[in-house]
Amino acid sequence: MNVTQRYRYLYKPLVFVAGLAPLAWLTCGAFGLFGVSLGADPVKEIEHECGKTALNFLLLTLAVTPAKSLLGLPQLLRLRRMLGLFAFFYVVVHFSVYLILDLELNWSTLGADIAKRPYITIGFTALLLLIPLAATSTNGMMRRLGRRWTQLHRLVYVIAILGVWHFYWQVKRDVREPLIYAGILALLLLYRVVRARSAARAAASARAHLTAAPGSATAPERT
Amino acid sequence: MATRVPRIAPSEITPPEVYFSRRALLAGALAAGVSTLARGAGSPPAGAAPLEYTANPRYSVSEAPNRYEEITTYNNFYEFGTDKEDPSENARNFQPRPWSVTIDGEAETRGTFTLEDLLKGQPLEERVYRFRCVEAWSLVVPWVGFPLSSLLARFKPTSRAKYVEFTTLYDPHRMPGQRSSVLAWPYVEGLRMDEAMHPLTLMVVGLYGRVLPNQDGAPLRLIVPWKYGFKGIKSIVRIRFSATQPHTTWSLAAPNEYGFYANVNPAVDHPRWSQATERRIGAPFLAARRPTLLFNGYADEVASLYQGMDLRRYF
């Protein structure tokens, strides 16, 4: 198998099955199948686990770029879309569980929560911002949008910050876990800042070299 | 004598569809007035020592109590970890006996008393109370205990005693959660004297007719049913009569979120979430959310304690 085939027939299906594993586990717990138990409050457990799984996939999506250059595996990029779509999928399930199982479709409470509870406001904003990214994740949309696709998908940085912040803000007291998420996100974003800076510096020095070159070439002639 | 609550294997936990149908059946039975059937809703492990007590229907709600498993695996007891399941696992080897409680402050009788001494001459009663957590979930719990007032009276508080302060055991070796600084240990709670002397305020030593399990605050805990659950301090080692309002742990940790009074009130939201409704643990999917009642449904008994007080300010 060549690289394309390995990804198409082996790695992508594996990631797909792994991505569905949390959902399968929670479903078994919800219905008491195979001895899986979600404890005394299964609704909260499903809600929180879906939220955390969404964040996990979001961070994995953001880890693809550093991983491919640090490990020298450019082909990892082929997995990124699926990881991102899993993040979106679990955010949607997380929100649905909150609306249906937790609020029991109490729409006025939903409205009040989104308007009055800052952690829900930012979580909901992150969900809304993910929709255009999921909608433009196809090859066709990538082609059609060209450079604007890249610009649009930079929204993922904002979404990830909102998502981790949403997690941090809803915790009652023990913020250790959300802080771990925040730390990982900070590293992933820092990597990009450092890369962008060094790229900018490289470009600047290249420009300087280009403009200096004719000068240095002509200067000796004038003296 | 120590109480060990055996760990419940996942395979021993009734699948939701079975117990949901059982609860539906129970709800029907209750409606038909067969309230004693509710005991079937969850039974304590055979290892827990039975207590001698009488039921107190006057102070019991008619709602079906939660299953024993729910009350003993869904706990906020940060001394044993911050996850709900942590206390049931980390408190398994905790030895709540021998135990003693120090009484001090504004009282004629002060000193350190053994648990047996404190319980002497206190007839135990069972009261089925609503339990409302500040996190907007709730339980119905058959506690076994005695009125705090009859314990406090014994120490003859002086006229200067305006408040009662309670302190939890501080022992990071026995309470591993105290090794983390998630809260300022030891846990401290307090009541105004009239709240402490109210007949609903209960010193709890048992659950479901048996000795209180460790994760629920063994051997001695407080239950104030019209207040949020965090007021119900667990594993008490000190009771101090005070002229000034005690500095309570949660109100120190987040003063804008947790007040000294912490009365259940659907009209006063937590800054980060609504208190208008609550989810009843163990209730069927899509039928668990219910409106929260003022003073957790005990307004008739306790509203007069707060007459003229701005409950938004004194939250």
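The questions and answers below concern selected local features of a predicted model.

Residues are numbered from 1 along each chain as its sequence is written, and chains are lettered from A and ligands numbered from 1 in the order in which they are written. In this predicted model local features need pLDDT of at least 70 and side-chain atom pairs count only at pLDDT 80 or more, while totals for chains, interfaces and linings use all residues; side-chain values use heavy atoms, with hydrogens and water left out.

User: Is A:Met82 buried or exposed?
Analyst: A:Met82 is found in helix H3 (residues 80–102) of chain A, where helices (H or I, at least four residues) and strands (E, at least two) are DSSP runs numbered from the N terminus. Leaving aside neighbours within four places in sequence, A:Met82 is in contact (heavy atoms within 4.5 Å) with A:Lys12, A:Val15 and A:Phe16. Because its relative accessibility is 18%, and buried means under 20% relative accessible area, exposed over 50% and partly exposed in between (1.4 Å probe, protein chains only), A:Met82 counts as buried.

User: Which are the edge strands of the open sheet in chain B?
Analyst: The open sheet of 5 strands in chain B has the order E3-E2-E11-E6-E7, with mixed pairing, where two strands pair if DSSP finds at least two bridges between them. Each edge strand pairs on one side only, and these are strand E3 (111–114) and strand E7 (188–192) of chain B.

User: Which residue in E7(B) stands opposite B:Tyr163?
Analyst: Strand E6 (residues 163–168) of chain B is joined to E7(B) by 5 bridges, and the two run antiparallel. Opposite B:Tyr163, the residue in E7(B) is B:Arg192.

User: What is the relative accessible area of B:Ala262?
Analyst: B:Ala262 lies in the loop between helix H7 (249–253) and strand E12 (277–280) of chain B, and has a positive phi of about 50 degrees although it is not a glycine. B:Ala262 is buried, with a relative accessible area of 3%.
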